[in-house]
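Keep the structure in view as you read.

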Amino acid sequence: EQKTTSGAGTGYGIGWRIVVDAEGNKWIGHGGGSIGGTTQLWVFPEHDLVISMASNLTELDYADVLPRLRKLFIDRLE
């Protein structure tokens, strides 16, 4: 994670987003897109879980799909 000049964490590190979600799960991820495709990669180090998605849509809102997949897999792992 990068830090500001005052030392505060930015939640972002050299292209990777570092997040603790509302349920307390830490994930590290990166997404991208171009005309005709979008991708997401989420890594949950505390659960030994990786979720990767690719779509042949120019705009796809992963904000709903990825959290539901995360919940499905983490609930099964616990």
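The questions below go from the overall fold to single residues.

This is a predicted model, where local features need pLDDT of at least 70, side-chain atom pairs count only at pLDDT 80 or more, and totals for chains, interfaces and linings use all residues. Residues are numbered from 1 along each chain as its sequence is written, and side-chain values use heavy atoms, leaving out hydrogens and water.

Q: In what order do the elements of the protein chain run from the N terminus on?
A: Helices (H or I, at least four residues) and strands (E, at least two) are DSSP runs, numbered from the N terminus. The protein chain has one helix and five strands. Their order is β-β-β-β-β-α.

Q: Which are the edge strands of the sheet?
A: Two strands pair if DSSP finds at least two bridges between them. The open sheet has the order β1-β2-β3-β4-β5, with antiparallel pairing. Two strands pair on one side only: β1 (12–13) and β5.

Q: Which residue in β2 is the bridge partner of G13?
A: Strand β2 covers residues 16–20 and runs antiparallel to β1. Two bridges join these strands. In β2, the partner of G13 is W16.

Q: What share of the residues of the protein chain counts as buried?
A: Buried means under 20% relative accessible area, exposed over 50%, and partly exposed in between (1.4 Å probe, protein chains only). The protein chain has 78 residues. The buried share is 26%.

Q: Why does F73 count as partly exposed?
A: F73 lies in helix α1. F73 touches L49 and I51, not counting residues up to four places away in sequence. F73 counts as partly exposed because its relative accessibility is 38%.

Q: How far apart in space are F73 and I51, C-alpha to C-alpha?
A: In sequence, F73 and I51 are 22 residues apart. In space, C-alpha to C-alpha, the distance is 9.4 Å.

Methods. Contact means heavy atoms within 4.5 Å.
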